[in-house]
Amino acid sequence: MLGLIYYDDLYELDTDKDTVVRKWDRHAVGYNMVPVRNIIVRDSTFYTMCYPIKEPDTYLKLYEISIKDGSRIQVGDSIHVHSSSILSNVNIYENRGRGELYCAVQEYENENESVIRIYAVNTPVVPAARLQHQDNDMMILSVFAAVILIVAAAICAAVMLKHRRGGRSPLVSSDIKREEVRKNSIYVFGEFKAYDRNGRDISYMFSTRLYQLFVLVLFHTFRDEGGISSQMITEMLWPEKDSQSVKNIKGVTFNKLRGVLKEFDGADILYEDGKYFIRLSDGFYSDWREFCTLWKDCDKGNHDVLSGISAVLRRGKLFGGYEYECLDSIKSEFDNDVMSYLPYQIEKSFVGRSYSCVIDLTDAVFGIDPCNEQALRYQIAALLKMNRKDLAQKRYIRFRMEYLKVTGEDFSTDFGTIANSLC
């Protein structure tokens with residue numbers, strides 16, 4: 001994968017006899033192609049994707065290669081790929097039940113943002129030379145499936161398409177949004193998003209003041225407080241106004257907020273016993289309500305509960321899309337509560353060898369504190385325990401990038417030190 005000399009050879013490893021035999025070597029001067037991370041083996045051939053790794057803007061090509069002598073033909077269409085980042089990743093998979101091959105391509109547009117695309121092709125795959133001569137009138141483009149993949153601190157979206165030519169499928173793709181649109185929902189972790197009863201994004205309808213008022217009522221409703229007093233709202237949103245002005249402004253703002261909430265089913269602002277609170281039906285989704293429900297059971301250490309908590313937190317910081325002074329104390333209190341709990345559960349999960357849970361929880365920590373070195377140590381250790389050194393190295397590189405971005409300084413501890421710290 002690294003270096004200036006590219007080899008094109010195949011070795012047979014016999015673990016019973018402890019022998020290694022070179023089947024063939026087709027190395028040639030000027031050869032610059034490399035395969036992706038894996039191959040799909042058939043009786044006498046195998047499939048893999050190859051591309052010139054030194055060219056940042058290039059094409060992946062699918063080859064069917066002879067195990068006996070290395071002879072090959074290109075099959076299916078080529079796939080455009082931009083591989084300027086070392087974090088870029090390509091893998092090939094097979095579903096024998098469906099008779100299909102899949103290629104997953106992850107391209108990093110910058111250190112914090114990536115796009116994942118999934119391509120599907122029927123087997124046996126049509127040789128590329130034949131595809132060039134197919135009648136264009138025979139083409140039928142249809143959506144095959146959609147896959148959404150969210151990488152902590154990453155934008156990941158994918159869709160699988162079939163592009164049929166004469167009954168076969170060359171490789172094509174198209175992007176969709178990074179997160180599945182859930183109708184009748186509001187998200188307050190990470191970027192604020194509001195989808196009405198029809199799935200339409202109406203986040204823009206929440207002006208600054210409507211957003212602030214809504215999240216204050218929402219936060220205090222489900223934080224075992226049952227709502228927020230009128231006086232507290234006044235102190236947080238209109239501290240400089242006199243009582244009469246506040247009364248008028250507050251009434252108008254609540255009316256506007258109730259008007260926006262009419263775009264949803266089962267979301268109402270009510271006032272009882274001196275408190276404003278929000279009533280949500282079972283058909284309305286709120287990530288804050290989900291978090292609070294899970295948080296009540298967090299001490300039980302249930303794996304599903306911990307995974308649910310980390311899934312919500314990985315979306316981003318609470319009210320992370322905005323920076324408002326009136327919300328600072330709430331955000332700070334929340335972060336302190338979570339950070340006082342997660343390290344204990346991470347250590348407990350690691351000791352209990354629940355390594356996938358360790359990874360989920362450390363990702364949640366990074367959502368709050370992207371420079372948390374202890375979380376990095378546990379995540380790297382968990383990945384190594386799972387024999388995923390390749391992914392551990394990627395996570396380390398990503399951490400270094402984020403650390404530099406946040407602190408303006410290089411992270412000085414090398415990968416080996418981190419890897420050995422918990423062994």
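I call a residue buried under 20% relative accessible area, exposed over 50% and partly exposed in between, with a 1.4 Å probe and protein chains only. The model is predicted: local features need pLDDT of at least 70, side-chain atom pairs count only at pLDDT 80 or more, and totals for chains, interfaces and linings use all residues. Residues are numbered from 1 along each chain as its sequence is written, and side-chain values use heavy atoms, with hydrogens and water left out.

Entry on salt bridges. I took a salt bridge as a side-chain nitrogen of Lys or Arg within 4 Å of a carboxyl oxygen of Asp or Glu. The structure holds 17 of them.

I looked up Glu191, which is partly exposed at 41% relative accessibility. Glu191 pairs with Lys193, with 3.8 Å between the closest N and O atoms. Lys193 is buried at 17%.

Next I checked Arg200 and Asp196, a salt bridge with its closest N and O atoms 3.2 Å apart. Arg200 is partly exposed at 39%, while Asp196 is buried at 2%.

For Arg117 and Glu107 I found a salt bridge with the closest N and O atoms 2.3 Å apart. Arg117 is buried at 18%, and Glu107 is buried at 9%.

I also noted a network of salt bridges that links Arg37, Arg388 and Asp390.

Entry on Ser66. I found Ser66 buried, with a relative accessible area of 14%. Leaving out residues up to four places away in sequence, Ser66 touches Trp24, Ser44, Thr45 and Ser71 (contact means heavy atoms within 4.5 Å).
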